[in-house]
Amino acid sequence: MNEFFRVLTDNWDLYFKGFSTTVNLFLNAAAGSLVLGTLLGAMRVSPIPALRAFGAAYVNIVRNTPLTLVFALLVFAVPKLNVNIDYLPTARIALVVYTSAFVCEVVRSGVNTVAPGQAEAARALGMTFDQVLRSIVLPQAFRSMVPPMMSVLIAMLKNTTIAAGFSVLEAGAIPFYMSERGEPQFAVLLWITIGFLILIIPLVFLQRFLERKWAVAR
Amino acid sequence: MRITRMAALAAIATLALAPAACGKEGTPTSGGGNASGGAQSDTCQSSGATFTPATDANVAGSPAFQKIKSAGKVVVGVKFDQPNLGYKDAQGKRCGFDIEVAQYIASKLGVDPAKIEYKEIASANRETAIKGGEIDYYVGTYSITDKRKKDVSFAGPYFVAGQDLLVRKDDSSITGKDTLKGKKVCSATGSTPIQRVRDEGLTEPENIVEFKTYSECVSQLLDKKVDAVTTDDAILKGYAAQNSDELKVVGKPFSTEKYGIGLPKDDKALRDFINDQIEAAFKDGTWQKIYDGTLGKSGSTATPPSLERY
Amino acid sequence: MSARSELASPPARARKAAGTSQATVLYDLPGPRARRRNAIIGAVAIVGIAAVIAFVAYRFWATGQFEARKWEQFTYKAIQRELLAGLWATLKAAGIATVLALLFGALFASARLSDKWLLRAPATFVVELFRAIPLLILIFFGYYVPLQYGWPLPKMWALVIGLTLYNGSVLAEIFRAGINAVPRGQSESAYAIGLRKNQVLRLILLPQAVRAMLPAIVSQLVVLLKDTALGFIITYPELLFVGKQIGGRLTFGLPYVPTYLIIAAIYIGICGMLSVLAWWLQRRMGRARRTAAGVVPIRDFGDGDAGPL
């Protein structure tokens, strides 16, 4: 048992660094994918066929590609475009590119939950597409979007560990360094698990709380 | 309607994958479009040394040997992406200095080299893999260090290398280990060279880049995402030889890396036995033959190192 | 769910005009001016997207990604065999993990649905726990921990264990939701005519629930298949790992880009077919009036649908 705690206290520097990078990645990528995902979602319900087609193509391609491969392509193919992005920003971009496909789908199905009569009534008042979306549909759709959106974000938090394979020292990379330091991996991994539980449990509770709160209101 | 359209799409997708079933026989050589690097064959070639399995092999008091003997095969941890050291070609054939050393030892343990089961172990997992018995021994540019001796034991050294730097040919700003400040330095996760860069503060922590394999580092070097790849000169020379138009080795080694054969920690009998075999190979010219036919092709000469028994 | 989708049906005329049923709710059929405006925005968008694609293609060309020597190796049988071996390793791990995850899911879903507290509580704990741990960490557990105790596990099993625990837990939730989606009245009336608990489950609930769950299950299996790509991190020779080997050959000018593009195409092809199956099942199930249970929406199992972990 002492051994178990020693693993944490002896390697506190590494755990702290790893998890702060994880949180940093998560917050940045969450903001980015909410913006890009909402934009894509708007494209998918827009009146312009070209945008709809683009949104659909984006979602279907990205969703069927493993995130690891998205990372690999960004790390090895993007330099060929003559842009030099550091590894942490690259990881953020990879997570945004991937997660926004899922955010887009949440937005789209959220929009679909609003009773069509509402949008029809708004249109009867002469509102344009973006007025309908902005003042009538999205405010209502938002409630039904929150729980699945939280799920997407929780999944993304866990997805940040993939950056470990692409030169980002976040929580998922800790085992490599511990192997180097000769620490018992079981204890090392348990502490990482505990770290993730600490991050994820509040999010899950928030999700359930919002779900319950807004389920009643509907 | 929709369904048939989807079925048609699926059919097209299958067709698109189908051509994978036909192709040219033989091995590809880097032919057309010779924009960078001398054309080299990717095909593995052995040094020509032959290893006949010993019929009377016995290592008294070695649990690892008993395991090998009863299994009739040995499981060896190796690298797969280091030209002339531990390499796997497109045919799945393996070659290189480390591979032949592994084969030599297997033959001395009474196992036909053809019966070696190779396992690719990432640098960061070597100790765990030896301790846990996933492999019987490890031959793959594995430096003998005191820290590692706490977890595993080493026979050898069978080769001595030094940490060096691989840079782009047109880069004259990096001339040695003290010119790395502010430069991005790449190496394999869990390798000794990257630990040295970290421990000696050769560059800032945020400029240390780590990948699982050295080839990924080399790719990043050519893409200008990192400025230097650091590891042992023996490895780097292999890369430089394969792409001499764009890459060069700085050539000022700043460490001594003694390559050992990673073994289970408390198996002294096996360690002594393998040391004896390495010593014999030093003396009877086998070592030299293997070296000249593999690592020597990267353009350097070497003589056998002296063993460190313990 | 089914009621909602019925409501959502817009007038047939509008649907015809816009192609997709949801979109038309939000805007009127475009008149001549709107059509012109839409055409202009559409054209600008197409030009913009085409420009980006052209730029990427140009840069790839300029940096020699389309050079013959980077692609030539893929015309050889040896390389194709390597790729096929990688694909086989991927499909093998995915196949085994699928079977095990379905079993795991069924087991824990039934435990969570049990009326015995002693079964329900631990099952809930296990399912919630494994859904909260990143898959990568689960795979590390499967790889490092047995090694630490001198009991090495083949890498494939380390991967399969991780995939099973995570996806099994998500599937358990899908199963539970599927059973719960059958209206209470059905099981109540079944009990009322004297059926026993397992008869109710077997004869009344499952046949309806399975139909409702099928799309969600298939789409979770897509996630599982994609997740096998994490095997590369413990050097399991799956498709992506093979790609790294091929891409890392300096003699061919480090063809990472061509190799990863080919591998992406393979993944998109296979997962795309499964996704189409899921989507088709959902449509079919949604249309069928024979079941009282609403279709378990694919999207509501967010943990799963946001991918690998």
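Two strands pair with β1(B). One is β5(B), residues 116–120, which runs parallel to β1(B) over 5 bridges. Here V78(B) has E120(B) as its bridge partner. The other is β6(B), residues 137–138, again parallel, and joined to β1(B) by 2 bridges. If you look for V76(B), you will find Y137(B) of β6(B) standing opposite.

Between β2(B) and β3(B), residues 86–88, the antiparallel pairing rests on 2 bridges. Within this pair, D81(B) stands opposite Y87(B) of β3(B).

Another open sheet in chain B is built from 5 strands, and its pairing is mixed. Reading across, the order is β10-β9-β11-β8-β12. Which strands stand at the edges? They are β10(B), residues 208–211, and β12(B), residues 247–249; each has a single partner strand, so one side of each is left without a neighbour in the sheet. On average, neighbouring strands of this sheet are turned by 30° against each other, direction ignored. Inside the sheet, β8(B), residues 163–168, and β11(B), residues 228–232, run antiparallel and are joined by 4 bridges. Q163(B) has D232(B) in β11(B) as its bridge partner. Now bring in a helix: α8(B), residues 233–242, lies across β8, β11 and β12 of chain B and runs at about 155° to β12(B).

Stepping back to chain B as a whole, you can count 10 helices and 13 strands. Of its 310 residues, 51% are buried. Take the contacts in chain B between residues at least 6 apart in sequence: 74% of them join residues at least 24 apart.

Helix α8(C) covers residues 155–180, and its 26 residues should span 38 Å at 1.5 Å a residue; the end C-alpha atoms are 37 Å apart, which agrees. This helix is also mostly covered, with 22 of its 26 residues buried.

From there, turn to the contact between chains A and C, which takes 61 residues from chain A and 56 residues from chain C. On the side of chain A that touches chain C, α3 (49–63), α4 (67–77), α5 (87–113), α6 (116–124), α7 (129–159) and α9 (185–217) of chain A each supply at least two residues. The largest share, 12 residues, comes from α7(A). Sorted by class, this side of chain A has 41 nonpolar, 15 polar and 5 charged residues.

How confident is the predictor about chain A, and where is the mean pLDDT lowest? Chain A averages a pLDDT of 88, and 98% of the residues score at least 70. Among the elements of chain A, helix α8(A), residues 174–181, has the lowest mean pLDDT, 81. Helix α2(A), residues 12–44, has the highest, 93. As a reminder for reading any such model, where pLDDT is low, the predicted coordinates should not be read in detail.

Note on methods: Residues numbered from 1 in each chain as written. Chains lettered and ligands numbered in written order. Predicted model: local features only at pLDDT ≥ 70, side-chain atom pairs only at ≥ 80, totals over all residues. Pairing = 2+ DSSP bridges. Contact = placed C-beta atoms within 7 Å. Nonpolar A, V, L, I, M, F, W, Y, C, P; charged D, E, K, R; others polar. Buried ≥ 20, exposed ≤ 12 C-beta atoms within 10 Å, placed from the backbone. Expected span 1.5 Å × (residues − 1). pLDDT = per-residue confidence, 0-100. Axes fitted to C-alpha atoms, helices over the stretch in contact; angles between N-to-C directions.
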